[in-house]
Amino acid sequence: MAKAVLVASLLAMVLSGCGAPLGMVSLDDKPAVTGSPATSAAAPPGTPQPPGTPAASGTPAASGTPAAEPTSCPHGELIPAVEIPAVRTDPVVIPEVVIDGVTVPSVTIPGVDIPAQRVPAQCTEIAPAPGGCLGKASIPPVEIPAVEIPPVDIPGVKVGDIELDPVHVDGDREEARRQEGRSAPEECQVVPKDGGFVPSVFRSSVYRPSLYRPSLYRRSVWRREACNDKNECIPEIDIPAVEVPAVDVPAVEIPSAELKAYEAGASDALEGEDSIAFSIKADVLFDFDSATIKPAAKAELKRVAREIAKKAADDAVINVDGHTDAKGSDDHNQALSERRARAVVDWLATEGGLDRSRLKARGYGESKPVAPNTKRDGSDDPEGRAKNRRVVVSTAT
């Protein structure tokens with residue numbers, strides 16, 4: 001009898017290899033298991049496999065080595081990770097039975113093994129910016145990975161007077177969902193050539209909408225028991241439903257910000273909602289191409305130091321940013337701006353009474369102008385260049 005079963009299986013394989021339909025196959029009323037992997041060279045995910053075959057897996061999380069996730073954000077807020085739990089079901093084994101003296105082999109219906117997925121933690125960012133400017137605000141893109149529940153197939157059986165058709169239930173799949181990042185550009189106040197009123201600037205809020213991946217569901221599968229008149233039975237099969245829960249990534253927002261208008265003077269106060277900055281003309285502080293503070297500048301520096309000490313938040317960093325005009329080479333202007341920033345830091349620490357550990361010198365060279373260095377016709381603009389030569393002292397309030 002065992003040889004007859006083997007011959008039937010081999011014939012099914014030959015028929016499938018020749019393109020014959022995978023319906024009910026029998027030979028001299030001997031048993032045939034139809035729709036099983038023995039009759040198909042390449043079975044789809046979830047198709048029943050011979051005993052010992054491992055469980056089928058759903059679509060895993062995005063491939064590649066994941067980047068390290070942030071635990072804190074020096075220039076923004078932490079966007080928490082979203083955990084997507086694993087979904088697993090056990091294989092279902094259809095045991096071997098003997099019907100009318102003929103052995104019907106065991107078949108294993110693979111379980112589902114969808115690994116846990118994760119939407120990584122991220123950071124919003126407000127980029128550092130010189131005094132009198134609102135830094136660029138940005139929220140990165142986010143993606144929920146694809147996921148799939150494989151289909152399930154129960155092979156048909158024909159042996160003696162018992163005939164059971166194959167059973168197929170489709171799987172379910174959701175493609176990856178992506179929400180693009182959002183940003184708002186840096187905004188800076190511009191000092192009029194002749195001084196006077198400096199208008200306010202506004203940076204709009206940045207909003208990344210929520211992202212949603214719907215739940216997935218594969219219905220349960222049941223096939224009845226079938227017995228002959230000798231009470232020899234093909235047992236019933238019950239494969240439970242599978243559900244992958246929905247995923248919801250919340251919306252993220254960076255609020256709008258504003259720098260208030262002010263009246264420009266020798267030292268311009270730029271006061272925002274939670275920050276203050278003083279822009280001091282470099283010509284007030286230094287001689288041409290020099291980083292040595294003029295004696296005449298000390299009164300203005302003392303006033304700035306008093307205001308910073310009065311309004312700065314506890315332990316807030318005090319940034320001192322040096323800027324130049326566009327005359328000279330980039331390297332020369334960068335180095336000069338750094339030396340001038342350090343000179344002001346030294347003065348504020350030694351004579352201005354500010355804590356040196358809170359002072360941070362930065363040089364921007366000619367990269368952050370607040371006025372044109374040349375006129376519209378391309379000729380030199382001395383007044384514009386004078387406005388660009390400055391040192392900005394700023395801090396959080």
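You are looking at a predicted model, in which local features need pLDDT of at least 70 and side-chain atom pairs count only at pLDDT 80 or more, while totals for chains, interfaces and linings use all residues. Residues are numbered from 1 along each chain as its sequence is written, and side-chain values use heavy atoms, with hydrogens and water left out.

Leu348 also belongs to the largest nonpolar core, which has 26 residues; Ile308, Val320, Val344 and Leu348 touch the most other members. Several elements each supply at least two residues of this core: strand E41 (275-281), helix H2 (282-285), helix H3 (298-311), strand E42 (318-323), helix H4 (330-350) and strand E44 (390-396). H4 gives the most, with seven residues. A nonpolar core is a set of buried Ala, Val, Leu, Ile, Met, Phe, Trp, Tyr and Cys residues joined through side-chain atoms within 4.5 Å. Buried means under 20% relative accessible area, exposed means over 50%, and partly exposed lies in between (1.4 Å probe, protein chains only). Helices (H or I, at least four residues) and strands (E, at least two) are DSSP runs, numbered from the N terminus. In soluble globular proteins, nonpolar side chains tend to be buried together.

Now let us turn to the cysteines. A disulfide is a pair of cysteine sulfur atoms within 2.5 Å, and by this rule the count comes to three.

Cys73 and Cys123 form one of them, with sulfur atoms 1.9 Å apart. The torsion about their S-S bond is about -80 degrees, so this disulfide is left-handed. Cys73 sits in the loop between strand E2 (56-57) and strand E3 (78-79), and Cys123 in strand E12 (residues 122-123), so the pair ties together parts that are 50 residues apart in sequence. Cys73 is buried at 12% relative accessible area, whereas Cys123 is partly exposed at 24%.

Another disulfide joins Cys133 to Cys188, S to S 1.9 Å. Cys133 is in strand E14 (residues 133-134) and Cys188 in strand E25 (residues 187-188), 55 residues apart. With 110 degrees about the S-S bond, this link is right-handed. Cys133 is buried at 13%, and Cys188 is partly exposed at 28%.

Finally, Cys227 and Cys233 pair up with sulfur atoms 1.8 Å apart. Their link is right-handed, with 105 degrees about the S-S bond. Cys227 is partly exposed, at 35% relative accessible area.
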